[in-house]
Amino acid sequence: MPRLVIAAPSSGSGKTTVATGLMAAFAERGLAVSPHKAGPDYIDPGYHALATGRPGRNLDAFMCGPELVAPLFAHGAAGCDLALVEGVMGLYDGAAGRGELASTAQVAKLLRAPVVLVVDASSQSRSVAALVHGFASFDPRVRLGGVILNKVGSDRHEVMLREALEEAGMPVLGVLRRAPQVAAPSRHLGLVPVAERRADAVAAVAALADQVRAGCDLEALMALARTAPPLECEAWSPGSEWEAGRDHGRDRTPTPDQAPDQAPGRAPGQGRGAGRRPVVAVAGGAAFTFSYAEHAELLTAAGAEVVTFDPLRDEALPEGTTGLVIGGGFPEVYAPELSANAPLRRAVADFAAAGGPVAAECAGLLYLARSLDGKPMCGVLDADARMSERLTLGYREAVAVSDSALALAGTRLRGHEFHRTVIEPGAGAAPAWGFTHPERRVEGFVQGGVHASYLHTHWAARRSVARRFAEAAAARS
């Protein structure tokens with residue numbers, strides 16, 4: 001599989017611009033391009049998907065474990081002509097205090113992929129050679145194959161940069177001039193998701209493809225991608241061939257959190273005379289854009305029928321709903337519209353009151369609250385949420401405090417928080433999670449069939465989460 005990792009010395013250098021533009025430019029050539037993102041970010045993969053027509057997938061060595069990075073990559077890239085991985089932060093930046101863990105450099109090494117460094121050259125000339133030399137020599141196991149210079153000011157500036165990098169023996173694979181007209185708009189948690197600006201996002205991705213096609217040597221980049229050695233690993237699969245013993249949850253509890261008839265790949269309820277597949281409704285639309293592609297695949301493999309609905313527009317849950325997943329997103333931006341959809345709020349509240357299994361992460365937690373910034377929400381939880389000036393961001397190590405539709409108490413998972421809101425109280429009588437690192441606290445709510453929390457998790461790390469949830473949904477079929 002020809003593959004490249006698109007990295008940078010620091011955030012803000014233009015990784016997303018270059019990676020998305022390259023994906024679109026190669027896809028326009030008729031290549032099947034597999035898009036990936038290092039780290040937990042949900043927003044960039046949306047632009048990647050728009051550029052390639054394939055699901056954007058995350059490779060997170062903290063949440064899923066380093067041992068799952070290559071298998072998840074192979075799963076997503078199956079049948080493609082080229083795979084491109086956008087890095088996270090600076091090339092060597094990872095989980096705080098954990099060395100290289102979850103860094104772009106670690107992902108590149110696990111994938112045995114050459115790295116292209118995107119350098120913001122706007123305020124330097126010959127010093128670029130020293131910068132690139134430092135990144136190339138810091139870890140000899142990271143193969144830096146070339147540089148794309150971003151935000152170059154003039155022809156003269158380009159000449160000076162090229163001369164300096166030629167002295168350093170580093171190929172220049174592209175030069176991009178300043179082009180603010182193709183920049184995607186941002187707000188409090190990063191880029192505005194594709195779902196909120198579809199037409200503008202399509203135009204922006206097309207402009208990025210034009211810019212990259214004009215400024216980058218696509219032939220040289222493809223040649224570099226082809227130098228990646230064979231990646232010998234078994235592709236991850238949501239289906240039966242990945243048995244429970246290969247569940248890659250970190251620091252797993254020894255007690256299996258599944259019943260005897262929950263063998264991997266067996267549809268929930270099989271062996272008990274169950275009939276139709278349980279319907280798991282997954283919130284989507286502009287307000288709920290955060291999800292990992294593997295979650296729906298795991299639920300489907302566990303026997304569920306996954307149906308998407310839009311809380312901004314749909315006034316009822318999908319017909320036959322027996323399980324409800326409300327992931328992350330930006331409900332704070334759409335609080336008036338969400339509140340105005342009273343029929344759906346009542347339907348969600350009634351479903352939860354009847355004991356239906358509900359998995360809510362971050363935005364889903366806020367939607368289940370009594371209010372958000374003073375606007376009535378579903379009222380499932382006796383809690384109120386509001387915007388805050390403080391950004392809560394970082395990886396977490398967590399243990400389930402209470403039995404729920406997702407996990408038995410004692411189950412360990414790694415996840416991340418990413419929000420600029422607060423909910424009061426922060427935990428219910430039966431909390432969802434106890435954080436063990438970096439700080440110790442309890443968080444979230446478990447009541448009836450509801451599991452609601454700020455913590456984002458990646459179910460590929462512990463597929464029993466999806467099986468257990470599908471089983472809870474099947475029990476209501």
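Predicted model: local features only at pLDDT ≥ 70, side-chain atom pairs only at ≥ 80, totals over all residues.
Helix H2 gives the most to the lining of the second largest pocket, with five residues. The pocket itself has a volume of about 850 Å³, while the helix pairs include H5 with H6, whose axes lie 8 Å apart.

**The second largest pocket**

- Among the 37 residues that line the second largest pocket, those closest to its centre are Phe288, Thr289, Phe290, Ser291 and Tyr292.
- Two or more lining residues come from each of helix H2 (43-52) and helix H9 (293-301), and also from strands E10 (279-283), E11 (305-309), E12 (321-326) and E13 (358-361).
- Sorted by class, the lining of the second largest pocket holds 24 nonpolar residues, eleven polar residues and two charged residues.

**Helices H5 and H6**

- Helix H5, which covers residues 127-138, packs against helix H6, residues 155-167, at an angle of about 40° and with the two axes 8 Å apart.
- Because of that angle, H5 is oblique to H6, and the crossing in which H5 passes H6 is right-handed.
- On the H5 side the contact is made by Val128, Ala129 and Val132, and on the H6 side by Leu161, Ala164 and Leu165.

**Helices H3 and H4**

- The axes of helix H3 (residues 66-77) and helix H4 (residues 104-111) cross at roughly 60° and come within 9 Å.
- Because of this crossing angle, H3 is oblique to H4, and the crossing of H3 and H4 is right-handed.
- From H3, the residues Pro66, Val69, Ala70 and Phe73 meet Gln106, Val107, Leu110 and Leu111 in H4.
- By class, seven nonpolar residues and one polar residue make up the contact of H3 with H4, and no charged residues take part.

**Helices H1 and H8**

- Helix H1 (residues 15-28) and helix H8 (residues 218-225) have axes that come within 12 Å and cross at roughly 95°.
- H1 is therefore roughly perpendicular to H8, since angles of 65 to 115 degrees are counted in that way.
- Leu22, Ala25 and Phe26 of H1 make the contact with Leu218, Leu221 and Met222 of H8.
- In the contact of H1 with H8 there are six nonpolar residues, and there are no polar and no charged residues.

**Backbone features**

- Most residues other than glycine have a negative phi, and most peptide bonds are trans, which is the background for the points that follow.
- Glu424 and Pro425 are joined by a cis peptide bond, for which omega is about -5°, and Pro425 is found in the loop between strand E17 (412-424) and strand E18 (433-437).
- A cis peptide bond also runs from His437 to Pro438, with omega near 5°, and the place of Pro438 is in the loop between E18 and strand E19 (441-443).
- Lys151 has a positive phi of about 60° although it is not a glycine, and the place of Lys151 is in strand E6, which covers residues 144-152.

Methods
Residues numbered from 1 in each chain as written. Heavy atoms only, no water. Axes fitted to C-alpha atoms, helices over the stretch in contact; angles between N-to-C directions. Helix = DSSP H or I, 4+ residues; strand = E, 2+ residues; numbered from the N terminus. Parallel < 35°, antiparallel > 145°, perpendicular 65-115°, else oblique. Left-handed = near helix turned anticlockwise from the far one by under 90°. Contact = heavy atoms within 4.5 Å. 1 Å grid on protein atoms, 1.4 Å probe; cavity = no way out; pocket = protein on both sides within 12 Å on 5 of 7 lines; lining within 4 Å. Points joined across faces, edges and corners; volume = space filled by probe spheres on them. Nonpolar A, V, L, I, M, F, W, Y, C, P; charged D, E, K, R; others polar.
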